[in-house]
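Work through the following exercises with the model at hand, trying each task before reading its solution.

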Amino acid sequence: MASLYTQQSRNVFKTWLLMGVFLAIVMAIGYGASYYFNNSFILYIAVGFALIMNISAYWFSDKVAIASTGAKPADENEYRELHRIIENLSITAGLPKPRVYIINDPAPNAFAAGRNKEHAVVAVTTGLLGMMDRSELEGVLAHELSHIGNRDILVMTVAVVLVGFISVLADMAMRMSLFGGGGDRENKNPIALIAIIVAMILAPIAAQLIQLAISRRREFLADASGALLTRYPDGLASALGKIGSYSAPMQRASTSTAHLFISNPFGAQGRKSAGQWLQKLFSTHPPVVERISALHGMRV
């Protein structure tokens, strides 16, 4: 039976393995575009644009998340118990206490955001506070603090930058090919040219799928880290069971912030359906049943 420590190690390894595949796609599409157009200037334009846009989004990620979800600062007198739990868990994790926010929404959910541990926020919905007992709430909050401690925000920012880079590069390359760019294409291997064009079309899709896979993997890692922090995996497992059984979406659910939440803000996960495999492939979160099973299979 795997321990929490081995589960963390495996998830970290798999996350960085996925990032390595990401980098391979970047290098492959970059080489292909250079070969096809006999001009590497497009690479500099694409990478500069993607970096500026995505680093800006990263720098203001906490403010964007708070504004898009309608979160409000949690008053320390009204939400004294919430502040106390977060403060105790932060001390245990060796982290500064993040700013605490409340989302007025009956759907049980929570998220953490911020560019680093010194500029982090944790937000929970009123539905989560009303549905969870203390051990379950501790499990959820430990999960969110683990995202901060594990530097998940940094990993996801790198992923977003690479997705933006690949998408912009592929889009520019395809537009140039439609308008007749490409240099001495008649002197090049036609099979190689066809392969490059196909790669330009498929690369953004592959990059998006890898980003989603990284997002799902980091949820498993935060589950393991959160359970290690509280020393009680059953608390988080029970909380995920309650969250997963709530079918209604959040009132201000958004695809731009969906990956931040502990569970998909668009509704319950793990339902049986004909398109379940495809739904899982394009989801920002792993099925709740798989997360609960992993937690039950762990030992501290």
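**Exercise 1. Find the bridge partner of Arg 99 in strand 4, and describe how the two strands concerned run.**

Solution. Step one is to locate Arg 99 and look across to strand 4, where its bridge partner is Val 121. Helices and strands here are DSSP runs numbered from the N terminus, with at least four residues of type H or I for a helix and at least two of type E for a strand; two strands pair if DSSP finds at least two bridges between them.

Before going further, note that this is a predicted model, in which local features need pLDDT of at least 70 and side-chain atom pairs count only at pLDDT 80 or more, while totals for chains, interfaces and linings use all residues. Residues are numbered from 1 along each chain as its sequence is written, and side-chain values use heavy atoms, with hydrogens and water left out.

**Exercise 2. Work out the order of the four strands in the open sheet, and say which strands stand at the edges.**

Solution. Begin with strand 1 (residues 72-73), which pairs with strand 2 in the antiparallel sense over two bridges; here Pro 73 stands opposite Tyr 101 in strand 2. Next take strand 3 (residues 110-113), which pairs with strand 4 in the antiparallel sense over four bridges. In that pairing Phe 111 stands opposite Ala 123, and the bridge partner of Ala 112 is Val 122. Putting these pairings together gives an open sheet in the order 1-2-4-3, with mixed pairing. Strand 1 and strand 3 stand at the edges with a single partner strand each, so one side of each has no neighbour in the sheet.

**Exercise 3. Decide which way the side chains of strand 4 point, and why the strand is described as largely enclosed.**

Solution. In a regular strand the side chains alternate between the two faces of the sheet. In strand 4, Val 121, Ala 123 and Thr 125 point one way, whereas Val 122 and Val 124 point the other way. Buried means under 20% relative accessible area, exposed over 50%, and partly exposed in between, using a 1.4 Å probe and protein chains only. Five of the five residues of strand 4 (residues 121-125) are buried, so the strand is largely enclosed by the rest of the structure. Strand 2 is likewise largely enclosed, because four of its five residues are buried.

**Exercise 4. Is Glu 136 buried or exposed, and what does it touch?**

Solution. First place Glu 136 in helix 6 (residues 134-149). Its relative accessible area is 3%, so Glu 136 is buried. Its side chain is joined to that of Lys 242 by a polar contact of 2.8 Å, a polar contact being a pair of N or O atoms within 3.5 Å, of which, within protein, one must be able to donate a hydrogen and the other to accept it, while residues adjacent in sequence count only if both atoms are side-chain atoms. Not counting residues up to four places away in sequence, Glu 136 touches Met 131, Gly 235, Ser 238, Ala 239 and Lys 242, where contact means heavy atoms within 4.5 Å. Helix 6 itself is largely enclosed by the rest of the structure, because 12 of its 16 residues are buried.

**Exercise 5. Where does Lys 117 lie, and which residues is it in contact with?**

Solution. Lys 117 lies in the loop between strand 3 and strand 4, and with a relative accessible area of 38% it is partly exposed. Leaving aside neighbours within four places in sequence, Lys 117 is in contact with Leu 95, Pro 96 and Ile 148. The C-alpha atoms of Lys 117 and Leu 95 are separated by 6.8 Å, although the two residues are 22 residues apart along the chain.
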